[in-house]
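This report covers the nonpolar core and the aromatic contacts of one protein model.

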Amino acid sequence: MKRVLLIIVVALALVFSCNVDSNEEREELLSSITWTIMQESMSNSETPNRKATYNFRNDGTYLLKAGDIEINGKWSWVKNDEIFLEVKELTFNDEETQFDAKSINYYIRVIELSEKVFKTLERHEGDDWDSGFVKEVNYIPVEL
């Protein structure tokens with residue numbers, strides 16, 4: 001009986017230690033790659049030649065570039081598979097605009113994250129995951 005209990009305790013310790021490592025590895029993977037949206041993820045209303053790129057930084061900030069537009073903000077994990085993106089500043093034609101509006105903040109649910117793909121579901125802060133306004137977006141690493 002003691003041996004079975006010891007095996008269970010060791011197994012639980014391994015499970016919890018693996019989760020910590022995988023969270024750290026996932027965050028490192030997310031922030032070490034510049035991600036660009038796959039053409040298939042763009043709707044017909046989006047400009048196909050406007051290539052959007054995400055840079056998630058280790059310090060909890062991010063930069064989204066789409067053509068002449070740059071968005072700076074903060075990102076954080078709110079759940080094991082969900083990231084909250086808070087828009088802080090938008091730059092267009094070298095003019096900066098500060099933001100403090102919840103309507104432009106959004107959530108990213110991570111479906112898949114590897115060295116080759118970052119697959120997400122995305123919604124605005126005011127929408128629910130089952131609202132019908134959720135969009136699937138796939139990103140790939142920027143080829144340097």
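How many residues does the largest nonpolar core have, and which have the most contacts inside it? The model is predicted, so local features need pLDDT of at least 70 and side-chain atom pairs count only at pLDDT 80 or more, while totals for chains, interfaces and linings use all residues. Residues are numbered from 1 along each chain as its sequence is written, and side-chain values use heavy atoms, with hydrogens and water left out.

The core has 22 residues, and those with the most contacts inside it are Trp 35, Tyr 54, Phe 56, Tyr 62, Leu 85, Tyr 106 and Phe 118. A nonpolar core here is a set of buried Ala, Val, Leu, Ile, Met, Phe, Trp, Tyr and Cys residues joined through side-chain atoms within 4.5 Å. Buried means under 20% relative accessible area (1.4 Å probe, protein chains only). Elements that each supply at least two core residues include α1 (2–32), β2 (52–56) and β9 (135–141); helices (H or I, at least four residues) and strands (E, at least two) are DSSP runs, numbered from the N terminus.

Rings of Phe, Tyr and Trp (its six-membered ring) pair if their centres lie within 6.5 Å; planes under 30 degrees apart count as stacked, over 60 as edge-to-face and the rest as tilted.

| Pair | Centre to centre | Angle between planes | Class |
|---|---|---|---|
| Tyr 54 and Tyr 139 | 5.5 Å | 80° | edge-to-face |
| Phe 84 and Tyr 107 | 4.9 Å | 50° | tilted |

Tyr 54 lies in β2 and Tyr 139 in β9, so their pair ties together parts 85 residues apart in sequence. Both Tyr 54 and Tyr 139 are buried.

Methods: Buried < 20%, exposed > 50% of the residue type's maximum accessible area, 1.4 Å probe, protein only.
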